[in-house]
Amino acid sequence: MLVMWCSRTALGRLQRITGFHRAMSTLPKVYVTRKVPPDGLDILRKSGQVQFEMWDSDDPVPRVELLKKVKGCEGILCVLTEKIDTQLLNAAGPNLKAVSTMSVGFDHLSLDELKKRGIRVGYTPDVLTDCVAELTVALLLATSRRLIEATHEAKTGGWGTWRTLWLCGHELANSTVGILGLGRIGVAIAERLKPFKVKKFIYTDVAPRPELANMIEAEYVSLDELAKQSDFLAICCALTPETHGICNWNLFSKMKKNAIFINTSRGGVVNQEDLYEALSTGLIAGAGLDVTTPEPLPTHHPLYTLKNCVILPHIASASYMTRNSMSALAANNLLAGLRGEPMPKELKL
(Lines give C-alpha, C1' and ligand atoms only; values in the text may rest on other atoms or scores of the structure.)
Protein backbone atom coordinates (compact mmCIF):
# COMPACT_ATOMS: atom_id res chain seq x y z
CA MET A 1 0.00 0.00 0.00
CA LEU A 2 2.83 2.39 0.89
CA VAL A 3 4.50 1.68 -2.44
CA MET A 4 1.26 2.39 -4.33
CA TRP A 5 0.69 5.64 -2.36
CA CYS A 6 4.24 6.79 -3.09
CA SER A 7 3.77 5.91 -6.75
CA ARG A 8 0.52 7.87 -6.97
CA THR A 9 2.12 10.82 -5.17
CA ALA A 10 5.10 10.81 -7.52
CA LEU A 11 2.77 10.49 -10.53
CA GLY A 12 0.66 13.43 -9.33
CA ARG A 13 3.75 15.55 -8.80
CA LEU A 14 5.04 14.66 -12.27
CA GLN A 15 1.68 15.53 -13.83
CA ARG A 16 1.66 18.90 -12.08
CA ILE A 17 5.20 19.63 -13.23
CA THR A 18 4.39 18.52 -16.76
CA GLY A 19 1.23 20.62 -16.75
CA PHE A 20 3.18 23.64 -15.48
CA HIS A 21 5.79 23.35 -18.23
CA ARG A 22 3.06 22.83 -20.85
CA ALA A 23 1.29 25.98 -19.61
CA MET A 24 4.56 27.91 -19.66
CA SER A 25 5.30 26.80 -23.21
CA THR A 26 2.00 28.28 -24.42
CA LEU A 27 2.69 31.73 -22.91
CA PRO A 28 3.92 34.49 -25.24
CA LYS A 29 7.67 34.40 -25.69
CA VAL A 30 9.48 37.64 -24.80
CA TYR A 31 13.13 38.65 -25.11
CA VAL A 32 14.64 41.31 -22.84
CA THR A 33 17.77 42.69 -24.47
CA ARG A 34 19.55 43.91 -21.32
CA LYS A 35 19.65 43.39 -17.57
CA VAL A 36 17.04 46.01 -16.71
CA PRO A 37 16.31 47.36 -13.19
CA PRO A 38 14.43 44.96 -10.89
CA ASP A 39 11.02 46.66 -10.83
CA GLY A 40 10.38 45.83 -14.48
CA LEU A 41 11.61 42.26 -14.17
CA ASP A 42 9.38 41.70 -11.14
CA ILE A 43 6.35 42.88 -13.12
CA LEU A 44 7.11 40.48 -15.97
CA ARG A 45 7.87 37.60 -13.62
CA LYS A 46 4.83 38.04 -11.39
CA SER A 47 2.39 38.67 -14.23
CA GLY A 48 2.29 35.00 -15.19
CA GLN A 49 1.48 36.22 -18.71
CA VAL A 50 4.79 35.70 -20.48
CA GLN A 51 7.84 33.48 -20.61
CA PHE A 52 10.88 35.68 -20.99
CA GLU A 53 14.58 35.29 -21.58
CA MET A 54 17.02 38.09 -20.78
CA TRP A 55 20.52 39.04 -21.83
CA ASP A 56 21.83 39.14 -18.26
CA SER A 57 24.55 41.75 -18.64
CA ASP A 58 25.10 45.50 -18.36
CA ASP A 59 26.81 45.39 -21.75
CA PRO A 60 24.85 45.26 -25.03
CA VAL A 61 23.84 41.89 -26.42
CA PRO A 62 25.95 41.01 -29.48
CA ARG A 63 23.98 41.53 -32.67
CA VAL A 64 24.35 37.91 -33.78
CA GLU A 65 23.01 36.70 -30.43
CA LEU A 66 20.16 39.21 -30.54
CA LEU A 67 19.04 38.09 -33.99
CA LYS A 68 19.05 34.50 -32.80
CA LYS A 69 17.17 35.11 -29.56
CA VAL A 70 14.29 37.17 -30.99
CA LYS A 71 13.25 34.38 -33.36
CA GLY A 72 9.60 33.50 -32.70
CA CYS A 73 9.14 36.16 -30.01
CA GLU A 74 5.82 37.93 -29.57
CA GLY A 75 7.37 40.74 -27.54
CA ILE A 76 10.73 42.51 -27.20
CA LEU A 77 11.77 44.78 -24.34
CA CYS A 78 14.81 46.75 -25.49
CA VAL A 79 16.97 49.73 -24.62
CA LEU A 80 18.27 52.47 -26.90
CA THR A 81 21.44 50.63 -27.94
CA GLU A 82 19.52 47.96 -29.86
CA LYS A 83 18.60 48.76 -33.45
CA ILE A 84 15.10 47.46 -34.07
CA ASP A 85 15.32 47.49 -37.86
CA THR A 86 14.22 45.43 -40.85
CA GLN A 87 16.90 42.82 -40.27
CA LEU A 88 15.83 42.25 -36.67
CA LEU A 89 12.12 42.26 -37.47
CA ASN A 90 12.70 39.68 -40.20
CA ALA A 91 14.66 37.57 -37.72
CA ALA A 92 11.86 37.80 -35.15
CA GLY A 93 9.26 36.65 -37.64
CA PRO A 94 5.52 37.18 -37.98
CA ASN A 95 4.62 36.47 -34.34
CA LEU A 96 6.05 39.76 -33.07
CA LYS A 97 3.23 41.93 -31.71
CA ALA A 98 4.86 44.51 -29.45
CA VAL A 99 8.18 46.27 -28.92
CA SER A 100 8.71 48.19 -25.69
CA THR A 101 11.75 50.43 -25.39
CA MET A 102 13.06 51.58 -22.03
CA SER A 103 13.74 55.08 -23.33
CA VAL A 104 12.09 58.34 -24.28
CA GLY A 105 13.97 58.53 -27.57
CA PHE A 106 13.03 56.19 -30.37
CA ASP A 107 15.55 56.94 -33.11
CA HIS A 108 16.83 53.36 -32.71
CA LEU A 109 13.48 52.03 -33.92
CA SER A 110 12.53 51.72 -37.61
CA LEU A 111 9.08 53.22 -37.11
CA ASP A 112 7.95 52.89 -40.73
CA GLU A 113 8.81 49.20 -40.74
CA LEU A 114 7.09 48.62 -37.39
CA LYS A 115 3.97 50.42 -38.63
CA LYS A 116 3.92 48.43 -41.86
CA ARG A 117 3.98 45.18 -39.89
CA GLY A 118 1.34 46.32 -37.39
CA ILE A 119 3.73 46.03 -34.43
CA ARG A 120 2.85 48.26 -31.50
CA VAL A 121 5.50 50.34 -29.75
CA GLY A 122 5.74 51.42 -26.11
CA TYR A 123 8.20 53.97 -24.73
CA THR A 124 8.89 55.70 -21.40
CA PRO A 125 8.30 59.47 -21.43
CA ASP A 126 7.38 61.57 -18.39
CA VAL A 127 8.96 59.32 -15.75
CA LEU A 128 12.44 60.71 -16.40
CA THR A 129 11.55 64.38 -16.87
CA ASP A 130 12.66 65.53 -13.41
CA CYS A 131 15.82 63.45 -13.44
CA VAL A 132 16.95 64.73 -16.86
CA ALA A 133 16.12 68.32 -15.92
CA GLU A 134 18.22 68.04 -12.74
CA LEU A 135 21.19 66.67 -14.66
CA THR A 136 20.87 69.35 -17.33
CA VAL A 137 21.04 72.08 -14.70
CA ALA A 138 23.99 70.35 -13.02
CA LEU A 139 25.82 70.09 -16.35
CA LEU A 140 25.05 73.72 -17.18
CA LEU A 141 26.49 74.89 -13.86
CA ALA A 142 29.51 72.60 -14.08
CA THR A 143 30.28 73.96 -17.55
CA SER A 144 29.56 77.64 -16.97
CA ARG A 145 31.35 77.81 -13.60
CA ARG A 146 34.22 75.61 -14.83
CA LEU A 147 33.89 73.08 -12.01
CA ILE A 148 35.74 70.25 -13.75
CA GLU A 149 38.69 72.54 -14.50
CA ALA A 150 38.66 73.81 -10.92
CA THR A 151 38.66 70.30 -9.45
CA HIS A 152 41.59 69.35 -11.68
CA GLU A 153 43.57 72.43 -10.61
CA ALA A 154 42.95 71.70 -6.93
CA LYS A 155 44.09 68.09 -7.32
CA THR A 156 47.19 68.78 -9.42
CA GLY A 157 48.75 71.70 -7.58
CA GLY A 158 47.35 74.52 -9.67
CA TRP A 159 45.68 76.11 -6.64
CA GLY A 160 48.11 78.85 -5.70
CA THR A 161 47.62 82.38 -4.49
CA TRP A 162 44.26 84.08 -5.05
CA ARG A 163 44.04 85.63 -8.54
CA THR A 164 41.46 88.14 -9.73
CA LEU A 165 40.23 86.39 -12.90
CA TRP A 166 41.44 82.82 -12.35
CA LEU A 167 38.74 80.21 -13.28
CA CYS A 168 36.07 82.87 -13.70
CA GLY A 169 32.92 81.65 -15.39
CA HIS A 170 29.48 82.89 -16.37
CA GLU A 171 26.51 83.22 -14.03
CA LEU A 172 22.79 82.77 -14.65
CA ALA A 173 21.55 85.95 -12.96
CA ASN A 174 20.17 88.45 -15.52
CA SER A 175 20.86 86.03 -18.38
CA THR A 176 18.78 84.86 -21.33
CA VAL A 177 18.25 81.11 -21.49
CA GLY A 178 17.28 79.57 -24.81
CA ILE A 179 15.63 76.20 -25.29
CA LEU A 180 15.69 74.33 -28.59
CA GLY A 181 12.67 72.00 -28.48
CA LEU A 182 10.18 73.01 -25.80
CA GLY A 183 8.61 69.90 -24.32
CA ARG A 184 8.19 68.48 -20.82
CA ILE A 185 11.93 68.41 -20.17
CA GLY A 186 12.51 71.93 -21.50
CA VAL A 187 9.81 73.27 -19.19
CA ALA A 188 11.24 71.36 -16.22
CA ILE A 189 14.71 72.79 -16.91
CA ALA A 190 13.34 76.34 -17.03
CA GLU A 191 11.41 75.83 -13.79
CA ARG A 192 14.63 74.83 -12.05
CA LEU A 193 16.64 77.70 -13.54
CA LYS A 194 14.11 80.42 -12.71
CA PRO A 195 15.21 80.79 -9.05
CA PHE A 196 18.70 81.69 -10.33
CA LYS A 197 17.18 85.04 -11.41
CA VAL A 198 17.22 84.33 -15.13
CA LYS A 199 16.02 87.46 -16.90
CA LYS A 200 14.35 85.85 -19.91
CA PHE A 201 13.46 82.47 -21.41
CA ILE A 202 13.19 82.06 -25.18
CA TYR A 203 12.58 78.96 -27.28
CA THR A 204 12.12 77.66 -30.77
CA ASP A 205 10.30 74.58 -32.03
CA VAL A 206 8.59 73.40 -35.19
CA ALA A 207 5.73 75.72 -34.15
CA PRO A 208 4.86 77.92 -31.16
CA ARG A 209 3.78 75.96 -28.09
CA PRO A 210 1.85 78.57 -26.09
CA GLU A 211 0.44 76.20 -23.49
CA LEU A 212 3.90 75.05 -22.41
CA ALA A 213 5.53 78.44 -22.99
CA ASN A 214 3.04 80.16 -20.68
CA MET A 215 4.12 77.90 -17.84
CA ILE A 216 7.61 79.44 -17.89
CA GLU A 217 6.79 82.81 -19.52
CA ALA A 218 8.94 81.92 -22.54
CA GLU A 219 8.96 83.81 -25.83
CA TYR A 220 8.89 82.03 -29.19
CA VAL A 221 11.69 83.11 -31.56
CA SER A 222 13.33 81.89 -34.76
CA LEU A 223 16.34 79.57 -34.63
CA ASP A 224 18.60 82.46 -35.67
CA GLU A 225 17.28 84.66 -32.88
CA LEU A 226 17.63 81.81 -30.39
CA ALA A 227 21.33 81.59 -31.28
CA LYS A 228 21.88 85.35 -31.19
CA GLN A 229 20.10 86.09 -27.92
CA SER A 230 20.93 83.09 -25.70
CA ASP A 231 23.57 83.30 -22.99
CA PHE A 232 22.80 79.66 -22.25
CA LEU A 233 21.36 77.35 -24.91
CA ALA A 234 19.81 74.02 -23.83
CA ILE A 235 19.12 71.46 -26.54
CA CYS A 236 15.99 69.42 -25.72
CA CYS A 237 14.67 68.37 -29.13
CA ALA A 238 14.12 64.83 -30.39
CA LEU A 239 16.44 63.44 -33.06
CA THR A 240 14.55 63.45 -36.35
CA PRO A 241 15.59 63.88 -39.99
CA GLU A 242 14.79 67.59 -39.56
CA THR A 243 16.89 68.06 -36.41
CA HIS A 244 19.86 65.89 -37.44
CA GLY A 245 22.94 68.12 -37.33
CA ILE A 246 20.84 71.23 -36.65
CA CYS A 247 23.47 72.49 -34.18
CA ASN A 248 26.20 73.25 -36.69
CA TRP A 249 28.55 76.05 -37.71
CA ASN A 250 25.61 78.13 -38.93
CA LEU A 251 24.16 78.09 -35.40
CA PHE A 252 27.44 78.44 -33.49
CA SER A 253 28.61 81.36 -35.64
CA LYS A 254 25.57 83.37 -34.57
CA MET A 255 25.99 82.71 -30.83
CA LYS A 256 27.55 85.07 -28.30
CA LYS A 257 31.23 84.63 -27.39
CA ASN A 258 30.18 84.12 -23.76
CA ALA A 259 27.46 81.56 -24.63
CA ILE A 260 27.25 78.14 -22.99
CA PHE A 261 25.89 75.28 -25.12
CA ILE A 262 24.26 72.30 -23.35
CA ASN A 263 23.02 69.10 -25.00
CA THR A 264 21.15 66.39 -23.08
CA SER A 265 18.91 65.29 -25.97
CA ARG A 266 20.63 63.19 -28.65
CA GLY A 267 24.17 63.37 -29.98
CA GLY A 268 23.00 63.34 -33.59
CA VAL A 269 21.55 66.85 -33.37
CA VAL A 270 25.08 68.27 -33.08
CA ASN A 271 27.76 68.49 -35.74
CA GLN A 272 30.66 67.69 -33.42
CA GLU A 273 33.36 68.86 -35.83
CA ASP A 274 31.71 72.28 -36.00
CA LEU A 275 31.32 72.33 -32.22
CA TYR A 276 35.02 71.57 -31.78
CA GLU A 277 35.94 74.48 -34.06
CA ALA A 278 33.56 76.82 -32.22
CA LEU A 279 35.02 75.88 -28.83
CA SER A 280 38.69 75.75 -29.83
CA THR A 281 38.59 79.14 -31.57
CA GLY A 282 36.69 80.90 -28.76
CA LEU A 283 33.60 81.41 -30.88
CA ILE A 284 31.54 80.27 -27.88
CA ALA A 285 32.60 79.99 -24.24
CA GLY A 286 31.81 76.38 -23.41
CA ALA A 287 29.78 73.26 -23.99
CA GLY A 288 28.38 70.53 -21.79
CA LEU A 289 27.40 67.26 -23.46
CA ASP A 290 25.64 64.27 -21.95
CA VAL A 291 25.14 62.72 -25.39
CA THR A 292 27.53 62.25 -28.30
CA THR A 293 27.98 60.47 -31.62
CA PRO A 294 28.99 57.73 -31.32
CA GLU A 295 28.40 56.50 -27.79
CA PRO A 296 30.71 55.89 -26.11
CA LEU A 297 32.76 58.69 -27.63
CA PRO A 298 36.28 57.37 -28.40
CA THR A 299 38.82 58.58 -25.84
CA HIS A 300 41.00 60.07 -28.60
CA HIS A 301 38.20 62.38 -29.81
CA PRO A 302 39.37 66.03 -30.09
CA LEU A 303 36.52 67.30 -27.87
CA TYR A 304 38.20 65.63 -24.86
CA THR A 305 41.26 67.85 -25.34
CA LEU A 306 39.27 71.03 -24.66
CA LYS A 307 39.08 72.46 -21.15
CA ASN A 308 35.86 74.27 -22.05
CA CYS A 309 34.00 71.08 -22.99
CA VAL A 310 32.45 68.90 -20.28
CA ILE A 311 31.44 65.44 -21.49
CA LEU A 312 29.33 62.99 -19.48
CA PRO A 313 28.58 59.34 -20.43
CA HIS A 314 24.83 59.70 -21.11
CA ILE A 315 23.69 59.69 -17.47
CA ALA A 316 20.78 62.16 -17.57
CA SER A 317 18.24 59.56 -16.42
CA ALA A 318 20.67 57.78 -14.10
CA SER A 319 18.93 57.79 -10.74
CA TYR A 320 17.75 54.62 -9.02
CA MET A 321 14.17 55.84 -8.82
CA THR A 322 13.95 56.94 -12.45
CA ARG A 323 15.59 53.88 -13.96
CA ASN A 324 13.28 51.60 -11.96
CA SER A 325 10.27 53.65 -13.05
CA MET A 326 11.38 53.40 -16.68
CA SER A 327 11.81 49.65 -16.32
CA ALA A 328 8.37 49.22 -14.76
CA LEU A 329 6.68 51.33 -17.43
CA ALA A 330 8.45 49.42 -20.20
CA ALA A 331 7.26 46.12 -18.72
CA ASN A 332 3.66 47.32 -18.34
CA ASN A 333 3.69 48.68 -21.90
CA LEU A 334 4.83 45.31 -23.19
CA LEU A 335 2.26 43.29 -21.25
CA ALA A 336 -0.58 45.59 -22.36
CA GLY A 337 0.55 45.35 -25.97
CA LEU A 338 0.60 41.56 -25.84
CA ARG A 339 -2.91 41.51 -24.34
CA GLY A 340 -4.17 43.80 -27.09
CA GLU A 341 -4.99 46.52 -24.58
CA PRO A 342 -3.98 50.22 -24.60
CA MET A 343 -0.40 50.70 -23.47
CA PRO A 344 0.21 53.14 -20.58
CA LYS A 345 2.58 55.02 -22.93
CA GLU A 346 2.25 54.05 -26.58
CA LEU A 347 4.01 55.66 -29.51
CA LYS A 348 1.34 56.34 -32.09
CA LEU A 349 2.68 55.22 -35.45
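Select Trp-159 first: this residue sits in the loop between α7 (147–155) and β6 (176–180). Helices (H or I, at least four residues) and strands (E, at least two) are DSSP runs, numbered from the N terminus. The model is predicted: local features need pLDDT of at least 70, side-chain atom pairs count only at pLDDT 80 or more, and totals for chains, interfaces and linings use all residues. Residues are numbered from 1 along each chain as its sequence is written, and side-chain values use heavy atoms, with hydrogens and water left out.

Stay on Trp-159. Is it buried or exposed? Trp-159 is exposed because its relative accessibility is 64%; the classes are buried under 20% relative accessible area, exposed over 50% and partly exposed in between (1.4 Å probe, protein chains only). Now show its contacts (heavy atoms within 4.5 Å). Leaving out residues up to four places away in sequence, Trp-159 touches Glu-153, Ala-154 and Trp-166.

Next, colour by domain. Domain 1 covers 16–123 + 321–347, and domain 2 covers 128–156 + 166–311. These bounds come from an automatic or database domain assignment. The domain centres, taken over C-alpha atoms, lie 34 Å apart. Six residues from domain 1 and four residues from domain 2 make the contact.

Zoom in on that interface. About 550 Å² is buried between domain 1 and domain 2, with carbon and sulfur atoms giving 64% of it. Buried area here is the accessible area (1.4 Å probe) that two parts lose on being put together, summed over both. On the domain 1 side, select Val-104, Asp-107 and Thr-322: they lose the most area to domain 2, together 66% of what that side buries.

Which residue forms a salt bridge with Asp-107? Pick Arg-266: its closest N and O atoms with Asp-107 are 3.1 Å apart. The domains share one salt bridge (a side-chain nitrogen of Lys or Arg within 4 Å of a carboxyl oxygen of Asp or Glu).

Now for backbone geometry. Select Thr-293 and Pro-294, joined by a cis peptide bond with omega about -5°. Pro-294 lies in the loop between β11 (286–289) and β12 (309–311). Move to Glu-295 and Pro-296: a cis bond joins them too, with omega about 0°. Pro-296 is also in the loop between β11 and β12.

Two stops remain. Asp-126 is not a glycine, yet its phi is positive, about 70°. Find Asp-126 in the loop between β5 (120–122) and α6 (129–144). Its relative accessible area is 31%, so Asp-126 is partly exposed. Finish at Arg-146, where phi is positive and near 60°. Arg-146 sits in the loop between α6 and α7. Arg-146 counts as partly exposed because its relative accessibility is 27%.
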